[in-house]
Amino acid sequence: MVLKAFFPTCCAAADSGLLVGRWVPEQSSAVVLAVVHFPFIPSQVKEFLAQVQQTSQVGVAVLGTWCHRRQEPEDNLGHFLEGLSAIFSHEPWLQLCREKGSTFWSCKATRWQGSTSPGAPSEDQVMIVFYDQRKVLLSQLHPPAILPDQETGDAAAGAVGLAAVFHTVARSEVLFRSDRFDEGPVRLSHWQSDGVEASILVELAKWASGPICLLLASLLSLVSAVSACWLFKLWPLPFIWSKLSTCEQLRYRLEQLTLIFSPQKAENPSQRMRKANMCVSVLLDVALGLTLLSWLHGKGRIEQLADALVPVADRVAEELQHLLQWLMGAPAGLKMNRALDQVLGRFFLYHIHLWISYIHLMSPFIERIVWHVGLSACLGLTVSLSILSDIIALLTFHIYCFYVYGARLYCLKICGLSSLWRLFRGKKWNVLRQRVDSCSYDLDQLFIGTLLFTILVFLLPTTALYYLVFTLLRLLVITVQGLIHLLVDLINSLPLYALGLRLCRPYRLAAGVKFRVLEQEAGRPLRLLMQINPLSYGRVVHTYRLPRYGCHPTHSWGSLCRKLFFGELIYPWRQREDKQD
Amino acid sequence: MENEQSFSDICGGRLALQRRYYSPSCREFCLSSPRLSLRSLTVVTSTVWLAAYGLFTVCENSVVLSAAIFITLLGLLGYLHFVKIDQETLLIIDSLGIQMTSSYASGKESTTFIEMDKVKDVIINEAIYMKVIYYLCILLKDPVEPHEISQVVPVFQSAKPRLDCLIEVYRSCQEILAHQKAPSTSPQAHQKAPSTSPSIQKASIVSRGK
């Protein structure tokens, strides 16, 4: 196998010294982490490396020498470097050399053991792969490589392939903590050797987050304790809470906030990302809500809205009345059964009349209600949208009632028809065997059955038409509500922090690596540049999508059509608990 | 060492294969398709604008014309950025892996790298799609069962070169992969001679129309 030397780009300009890093024998690759400069005492270097190995659980060792010839070629330095291989023995021993004014490097890897001719070392073919240490340290591979449990000595041994390089660099953070201004025994060169990277804002935020988290966590626990109070469990309140989507949204947000402000630290990167995504999502929600609030409260829009609400409800009721008058006549040229038509039409008209009276009763309070509902926008845009969806449901309650009446009537009719059709053919439904069996009926049974069957068949068009019209109206309302819920879901579950990270710091979310071949010269070792291949936006959304609270349709199109045909009631936007009718 | 040769793809268009041998363990193959021709661009643009002008004479609304210009511009940008692949590159590095890059006409590059541990073999496969076509693909090992194949990754999907071009690439890749299968450090290891004639696997896979 060709020996691969992973060399950090920040050390390419460093002075001569020793190469320190980890040797991965399975892939025959040497991951160079830092360069130790002269002067040094070998025993101190060995002590330092043993310390680092203990703290980071990474098998750090001296891999070879690095020679950067800035002035005229120094032969004594070359001999001195060769002598070091006797002090720090490592198989294989790397010797990297860079000439002044030349972009090409020379590299030698010598092995003493396992060579064919004893007494002379064997040389391996070497390939130099440059990598950006800072980016590799901060990036996270997707899918994450599975790590073994921490009891084994070398924690990064479990990662295979190039993930081993990432793990080695990520785990050796303790090696990168000393910079060149430190007065330690060993002088290192790595990506942070010019000064450890830190941000004062981040440090302040970390310091302040402790007490703030505690305070907010206690507030939130108080709120959840109040909401779990026995007063809210009296019937019919839980029934009402389960039907309103606003309560669901508030509960979901409360859960999210509890998770964000919990005093425990996140253990692994995925939990950290989830917390960050939730935090950004809540902030965006509140920002959008406040924008909506400022828009609503300016220029007297609340009054306009409240004034427009009652006429809109009136208009809807008027249109329904026109529709019913049309159905009671000869709709689309179809001939209805006059008596049944009149009965159904009058019944629904009276219902609308009741509804209109109710709306008119409420009209003086509408403005106050709208004003208070508008205030809820400061809790977030999602809460306002849920309230809007609930208001639509309440205002179109009569359409829902009509749909239920029509569906029940139609369902009864279909059941009756199917059973009498079987009687007409001389068959019966066997409940025990769950199948259709033949049956011999008496003459009077057959007579009455056929009569009823005929009546139901001739009344079918009228009922079917009413059912069709009200089902279409109900589906329209459901579609509008569904669109609002879709928007709420989108705001809830979009991982904005992850998307922002992918946009601004693409190396943090890595799907893999990519290589570029640098300038070559015959006879010199191959030089490659390893760069991070970022995750695509689709995969970012897929991996970091926040869980929704399950308000999505549970039917497929086929089952929906079947239910519509047989007159069964459909509840597409209900939670999974109350699916029974 | 660089080498350029011209081949043709399955539809008869011209392709240019550029071979670069960086070192005995690293080779690169670059297939370039012909660029977007001015003639097809003009034809499409004029059709769209004529249709828009026809609509404008019918409905007398100038929004149709501005919409047509907008659609043409967006369509062209979208085509250049997401659809038109100008160059496809295969870089094979011994003991590291195989990298496939597609460069789009707008300059976007999409790269996939497969590590050498996962690569089982590089083969030329046969597909039946209206006629018989050949495509080069990389077989990946199953992580659970090392002798099973878990995935087939086709290469040069948009350029679609013919068999003569594929044979050249196949031979070069096999020379490098031979190092993997018979490591040179053990002298008593059985050296498998790289086959001179490519092993074309006859798999009657009805391809999806790509």
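This is a predicted model: local features need pLDDT of at least 70, side-chain atom pairs count only at pLDDT 80 or more; totals for chains, interfaces and linings use all residues.
Visitor: How do you know that the length of helix 8 of chain A fits a helix?

Guide: Count its residues. Helix 8 of chain A covers residues 269–297, which is 29 residues. At 1.5 Å a residue, the span should be 42 Å. The end C-alpha atoms are 42 Å apart, so the two values agree.

Visitor: Which residues of helix 8 of chain A are buried?

Guide: Among them are Met273(A), Met278(A), Val282(A), Leu293(A) and Leu296(A). Lys275(A) and Asp285(A) are buried too. Buried means under 20% relative accessible area.

Visitor: What comes just after helix 8 of chain A?

Guide: Lys299(A), with a positive phi of about 55°.

Visitor: What makes helix 7 of chain A oblique to helix 8 of chain A?

Guide: Start with the angle. The axes of helix 7 (residues 245–260) and helix 8 of chain A cross at roughly 130° and come within 10 Å. Roughly perpendicular ends at 115 degrees, and roughly antiparallel needs over 145. The angle falls between those cut-offs, so helix 7 of chain A is oblique to helix 8 of chain A. The crossing is left-handed.

Visitor: Which residues make that contact?

Guide: From helix 7 of chain A come Arg253(A), Gln256(A), Leu257(A), Leu259(A) and Ile260(A). From helix 8 of chain A, the contact includes Lys275(A), Met278(A), Cys279(A) and Asp285(A). By class, the contact of helix 7 with helix 8 of chain A has 6 nonpolar, 2 polar and 3 charged residues.

Visitor: Why is helix 9 of chain A called roughly antiparallel to helix 14 of chain A?

Guide: Take the angle again. Helix 9 (residues 301–328) and helix 14 (residues 443–493) of chain A pack at about 160°, with axes 11 Å apart. The label roughly antiparallel needs an angle over 145 degrees. The angle passes that cut-off, so helix 9 of chain A is roughly antiparallel to helix 14 of chain A. Their crossing is right-handed.

Visitor: What residues meet there, and how do they divide by class?

Guide: Helix 9 of chain A brings Leu320(A), Leu323(A), Leu324(A), Leu327(A) and Met328(A). Helix 14 of chain A brings Leu465(A), Tyr466(A), Val469(A), Phe470(A) and Leu473(A). The contact of helix 9 with helix 14 of chain A has 10 nonpolar residues, no polar and no charged ones.

Visitor: Why is Ser28(A) called buried?

Guide: Its relative accessible area is 7%. Buried means under 20%, so Ser28(A) qualifies. Ser28(A) sits in the loop between strand 2 (17–24) and strand 3 of chain A. Its phi is positive, near 50°, although Ser28(A) is not a glycine.

Visitor: Where in chain A is the peptide bond from Phe38(A) to Pro39(A), and is that bond cis or trans?

Guide: The bond is cis, with omega near -10°. Pro39(A) lies in the loop between strand 3 (29–37) and helix 1 (42–56) of chain A.

Visitor: Now to chain B. How many helices and strands has chain B?

Guide: Chain B has 3 helices and 10 strands. From the N terminus, the order is β-β-β-α-α-β-β-β-β-β-β-α-β. Of its 210 residues, 36% are buried.

Visitor: What makes Lys160(B) partly exposed?

Guide: Its relative accessible area is 26%. Lys160(B) is in the loop between strand 9 (149–154) and helix 3 (163–181) of chain B. Its phi is positive too, about 50°.

Visitor: Why does Arg171(B) count as partly exposed?

Guide: Arg171(B) has 38% relative accessibility. That value is between 20% and 50%, so Arg171(B) is partly exposed. Arg171(B) lies in helix 3 of chain B. Ile123(B) is 48 residues away along the chain, and the two C-alpha atoms are 9.9 Å apart.

Visitor: Is Ile85(B) buried or exposed, and how do you know?

Guide: Buried. Ile85(B) has 13% relative accessibility, and the cut-off is under 20%. Ile85(B) lies in strand 4 (residues 85–93) of chain B. Leaving aside neighbours within four places in sequence, Ile85(B) is in contact with Ser33(B), Ser102(B), Ser103(B), Tyr104(B) and Ser158(B).

Notes: Residues are numbered from 1 along each chain as its sequence is written. Chains are lettered from A and ligands numbered from 1 in the order in which they are written. Side-chain values use heavy atoms; hydrogens and water are left out. Helices (H or I, at least four residues) and strands (E, at least two) are DSSP runs, numbered from the N terminus. The expected span of a helix is 1.5 Å times one less than its number of residues. Buried means under 20% relative accessible area, exposed over 50%, partly exposed in between (1.4 Å probe, protein chains only). Axes are lines fitted to C-alpha atoms, for helices over the stretch in contact, and angles run from 0 to 180 degrees between N-to-C directions. Angles under 35 degrees count as roughly parallel, over 145 as roughly antiparallel, 65 to 115 as roughly perpendicular and the rest as oblique. A crossing is left-handed if the near helix is turned anticlockwise from the far one by less than a right angle, and right-handed if clockwise. Contact means heavy atoms within 4.5 Å. Ala, Val, Leu, Ile, Met, Phe, Trp, Tyr, Cys and Pro count as nonpolar, Asp, Glu, Lys and Arg as charged, and the others, Gly among them, as polar.
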